[in-house]
Amino acid sequence: MSPNPRGSSPSAGPGPRPGAGTARNVSPVTTRARSVGASVEPESDLAGWAYLLGAPRPESPRSRRLARVGGVVAIGALVAYLWWRITFTMPTEGWDRTAAWVLVAFEAIPVLGLTIRLVTLWNIDCRAPAPVTEVPAGTRVAVLIPTYDEPVEVIAPTIAAACALEPSHETWVLDDGDRDWVAEMCEAYGARYVRRPVHDHAKAGNLNHALGLMAQEAAGSTAADGAAGHGDFDIIAVLDCDHVPLPTFLTATLGWFDDPDVALVQGPQTFYNTGAFDDDGVTGEQGIFFNVQMAARNKDGAGPFWCGSTSLLRTRALREVGGIATETIVEDMHTTLGLIRAGWKTVYHHQALAVGLAPATPEQYLLQRTRWGLGAMQVLAKEHLWAAKSWLSWRNYYEYLSGTVWWLEGVATVAMFLLPAAILLSGAQTSTASAGAFAAVFVSMFVVRLWGVRWLFRHHLHLTTSFGLRVFRIPVGFSCLWWLMTRRTLTFAVTPKAGASERVRGRPPRIVTVLIVVVFAILVYAVAGVLGFVPWRATAGATVASGVWLLLAEVGLVYGAVRVMAPAYASSRRNAHRVAVRAEVLIDGADGELVDLSVGGAAVRVPRSGFGRPCGRAPPSRSSARAPDRRPPDRRTVQRRPDPVDEGGGGRLDRIPHDLHVAVPHAAGRDRRHSVGGTGRRRHPTAQHLTFVRRAHRRAHLKTARIDEELMTASDLERAISHAVDHGELVLHYQPIFRVRTGDLEGFEALVRWDRPGVGLLSPAQFIPAAEESDLICELGTWVLNNATEQAAAWERADGSRRLTIAVNVSGRHINEPRIRDDVANALRRSGLDPGLLVVEITETVLVNGALALENLRQLRRTGVALSLDDLGTGHSTIAEFARLPVDIVKIDRTYLDARTTTSRERFRSMVRTVHAYDLPVVAEGVENADQLELLRDLDVEYAQGFALGLPMTSAEVDDHWR
C-alpha cells in the first residue's frame, strides 16, 4: 500500500535495441567540468527539495539496512497476524467459517503488494555523469517552455531562469495563448517566442509544432548554407511554465547523452509553494514517487518514464517514434512506451533541477489527478497493457501495468468498505476471539506494519497526509472506471496556476460525503447492537473483527474531508505564491510587520495603534526564532512610488504594490540591501521580471494595492463594512448599457460604492476583497440586490414604456450559498420588479466551484431572471467552457477590446464569433472611443458600455440626464 500520485510509475528501459551490437553513431555532447558538491545540514530548517541540491549519490548503508528491515518487519507483522487469525480465531463450520475466510483473504491482499515493493525498493542507489561546462561545436540544445494562459507572475521567473542557464543553448517559449506581452518578455530576456496557427492536442501538439519548426529551419539552413548550416537540435529540455530551473539543470544532466542509447533524462519534480494541498512539510505527496520509487528504477530494464517536465530528450529518438504521442492526454507516459518499443533507454537523475508549483487547492489537485488517471486508462486500453509484451522487461511490464491500474484504487477502496460492512451487517461470527484480544492483536500488527512501511519508503511516507489525500482516489477511481465503460473523448485540462477572483474554500467530493454518512451509520448501529439496543447477531469479537476496518475507513474519510475544507487550502486571489516572511517594516513612517511576499505584492500588518509612533521606537521583533540582535536594527525608510494605475482606486488596504519599497531590518551580521530596480548597478533578474509584472498589470488595467493614509487590520475593515451595510453608508451608481446597432438605452449596471464618513467615496476594489473573506459579501450582495431592484422598479413605474434592465454583480461565494435563491426572490417580491428585467452577473469562477453553484444558477434562471457571464477571458476556463453554464448573455472583458495590436484584436473577434456560435448575445465592456464602437458594429456585437458612452451616475443624475 503506497500513496503514489503518478501511479506506480511506469518506467522505461530497454531490452536489446533492434540491431543490437552496433553502437549508435552519436558523438559525446559534453565537455567535463570538475564536480562541485552541494550539501545541506540535516538540522537546517529548509524545504525538502533543498536536500537534493547535491549530485546523486548512493544511499547510506544505515538507511538501506533500515529500509530492508522495515519491509521485512511489515510483511512479517501482517503474516503473523494472518497466522493468528487462521489458527486461533476461525469459526469451525457453516456460513460463519466461509465469511471468516472471505474477511481473512481481504486482510491478506497487502502481502503481495508489500512483497513486490520490498523487491523493487531493495536498492535505490543513484549515479550521475560528471557535470559539464559546454557542448561541442555542432551540438545544439534548446529549452522548451510550453504555456497557455498562466499569468506573468508564474511564467516570468521560469523564462528568466531558463535564459540564464549554462552551457550555451536556446530558450523557446511556446505560447498557445498568443499573448503579445509574452512576446515582449521573451525579446527582453533573449528567449525565442513561438506561436502556432492551429492549437490542437494541447501540450503535445505545442511541442510537436516546435519539433517540426526545428526540422524545417534545419533543412532550410542546410539547403542554403550547405555544410555550414546550423543543423537540427540534438537535445531538447522541457519545462512546464511554472517550473523554475536551477543553475545545474543542464550542466548536471547533459552528460547522460554521451551514451548513444539514452533518449530521456528525467529529474524529480520539486515544488516551492509550501502549504500546497498535497504538501506534508517535507517533500510533498510526490516525494515517495520521485525520491524512492523513481530512484529505485535507475537501472537497466527499469528506467523511468517521462513526467512531462524537468526532463531532457534526444530529438533523434523523438523523431524516430513520430514525435510526442497525441493519442492520449498523458503524452509523457505514452511517448515513453514508444521509446521503449523502439529500443531506447531512459535514465533518472535524482537531483533537484527545478522547482515548480504544486496544486494549491483541492479543486486543482483533483483536476490534475483526474487528468492523470483518465490518461492512464487511455494508455491501458490503447496499448493493451494487460497482455505481456516481448519488448518490455518484467520490471517495466509490472511498473506500467500497476501504474495504470493503480488509478482504479478508489473503486477498490469502496469495495473494501463494502465487504467488511456486508459481513458485519450479515451477523456472521468471523472471529472467536474476545473483543479486547482482537483489538490488541490488530492494533499491534497495524502499528508495527506502519513503522516498517515508513522505513521501507525512507520516511517519505507522511501518514496524516496520505490518509487525508486518499479520499480523492475515490472520485478519481470512479471517473476512470466510467471512462473504461464509455470510452468517451477526453480533452486536456490545464491545472490552473493563476489566482482566483474570490477566496473560496474547498468542498469534499459528494461521494466522499455519502460514504462518511453511510459508514458512520453502520458503525453506530453496530455499537448499538453490541450494547443490546437494536437487534444484532454478531458477537463483540466478530463485530470488532469487521468493524475495525470500517472505523479506519471513517477516520480517513473524515480527516480527508476536513483537510479539503480547511481555510489554508482556500483559493488565493494573488497570482504568485506567497512566501511567509516575518520581519519588522516601516511604511510611510509607521511601524508594521511583513506577513508574506510574492512576485505580485506583499502583505503587511500595521496595527491602528502603530501610527504616530516615532520611527526610532521599534516594537519587539515577531519574526525571528533566533536570539534578538542587541544592536538597533538598521532600517531604510519606505519610499512610495506612485503608479498611474493606482490613481483613483486601489486594492486591499493591507496589500503593497510591486514597486513599493519596504524597509526590512538587517539580519545580524548580514547586509540585505538588494533593492529592486536600484540604480548604479546591474539589475537582478528578479527585478527584471517584476518590471514585466507591472507592465502586464498595466496592460490589463489591473489595479494594484495602495497604502492609504489610514491602514486597518482585516478584522477592523470587516467591522467597518458591516457598519456601512447597516447604517446606509453604501450607495449605488448606475452605468448605462446601450444597443450597439440602434444606440438605444438598454439598461444599467449597478455598481456599489462606499461613502465612508471622513474618508470619501471608496471604489469596490478598496473594500470588496475584504468582504469576500467572510459572509459579509453575501450581506453586501443582498443589499445591492434589494436597492438595485427597487430603483429599477421605480423607473419602470415612472415610465412604463421603457423597460430598462438592471444588472447586478453577484460574487462566487454568494452563488455558492443556498440563500442566493431566497435573496433574489425576496428582492423581486419587495420591489415588484419583473424578473425578466433583472440580470445577475457571475464570473467564470463558478465553473470550478462545484455542483451547488450550477444548481443555484439553474433555479434562478427558471424564475425568469437573466444570467450574464461577466469578464469572459479572465478566469481559468477556456473560451468554450462557458457553454455548460445556464447563461443568457456573455460579457467580454475590457482588456480584449482595449488591446492595441492586430493579434489581440483578432482574439477579440474570435471570442465574439465563438459566443455568437452558441447563439448568445455579447456585451462589450470598456468602450472608450469611436474606433472601438465601429469594430463592435462590424462584428454585430449587441450591447456595449464604457466611458465613451456613459459614466456611472447616481440615481438622481440618471433621472436628470435620461428622464
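1. Basis of the note. Because the model is predicted, local features need pLDDT of at least 70 and side-chain atom pairs count only at pLDDT 80 or more, while totals for chains, interfaces and linings use all residues. Residues are numbered from 1 along each chain as its sequence is written, and side-chain values use heavy atoms, with hydrogens and water left out.

2. Helix 15. Helices (H or I, at least four residues) and strands (E, at least two) are DSSP runs, numbered from the N terminus. Helix 15 covers residues 473-486, and its 14 residues should span 20 Å at 1.5 Å a residue, which agrees with the 20 Å between its end C-alpha atoms; the expected span is 1.5 Å times one less than the number of residues. After the helix comes Arg 487, which has a positive phi, near 55°.

3. Salt bridges at Glu 409. A salt bridge is a side-chain nitrogen of Lys or Arg within 4 Å of a carboxyl oxygen of Asp or Glu, and by this rule the structure has 32 salt bridges. One of them joins the side chains of Glu 409 and Arg 470, at 3.1 Å from N to O. Glu 409 lies in helix 12 and Arg 470 in helix 14, so this pair ties together parts that are 61 residues apart in sequence. Glu 409 also forms a salt bridge with Arg 473, the closest N and O atoms being 2.8 Å apart. Since Arg 473 belongs to helix 15, that pair ties together parts that are 64 residues apart in sequence. Glu 409 is buried, with a relative accessible area of 17%; Arg 470 is buried at 19%, and Arg 473 is buried at 9%.

4. Salt bridges at Lys 891. The side chains of Glu 749 and Lys 891 meet in a salt bridge of 2.9 Å, N to O. This pair links distant parts of the chain, with Glu 749 in strand 19 (residues 745-756) and Lys 891 in strand 24 (residues 889-892), 142 residues apart. Glu 749 is buried, with a relative accessible area of 5%, and Lys 891 is buried as well, with a relative accessible area of 1%. Salt bridges that share partners join Glu 749, Glu 841, Lys 891 and Glu 925 into one network.

5. Aromatic pairs. Rings of Phe, Tyr and Trp (its six-membered ring) pair if their centres lie within 6.5 Å, and planes under 30 degrees apart count as stacked, over 60 as edge-to-face and the rest as tilted. The structure holds 21 aromatic pairs. Among them is the edge-to-face pair of Phe 277 and Phe 472, 5.5 Å centre to centre with 85° between the planes. Phe 277 lies in the loop between strand 10 (270-271) and helix 7 (287-293) and Phe 472 in the loop between helix 14 and helix 15, so the pair ties together parts that are 195 residues apart in sequence. Phe 277 counts as buried at 0% relative accessibility, and Phe 472 counts as buried at 4%. Elsewhere, ring pairs link Tyr 81, Trp 84, Phe 106, Phe 438, Phe 442, Phe 446 and Trp 549 into a cluster.

6. Nonpolar cores. A nonpolar core is a set of buried Ala, Val, Leu, Ile, Met, Phe, Trp, Tyr and Cys residues joined through side-chain atoms within 4.5 Å. The largest holds 75 residues, of which Leu 838, Phe 908 and Leu 936 touch the most other members. Helix 21 (residues 776-798) gives the most to this core, with eleven residues. Leaving out residues up to four places away in sequence, Phe 908 touches Ile 892, Tyr 896, Leu 897, Ala 924, Leu 935, Leu 936 and Leu 939. Another core, of 65 residues, lies apart from it and has Met 333, Ala 428, Met 445 and Phe 446 among its members.

Conventions:
Buried means under 20% relative accessible area, exposed over 50%, partly exposed in between (1.4 Å probe, protein chains only). Contact means heavy atoms within 4.5 Å.
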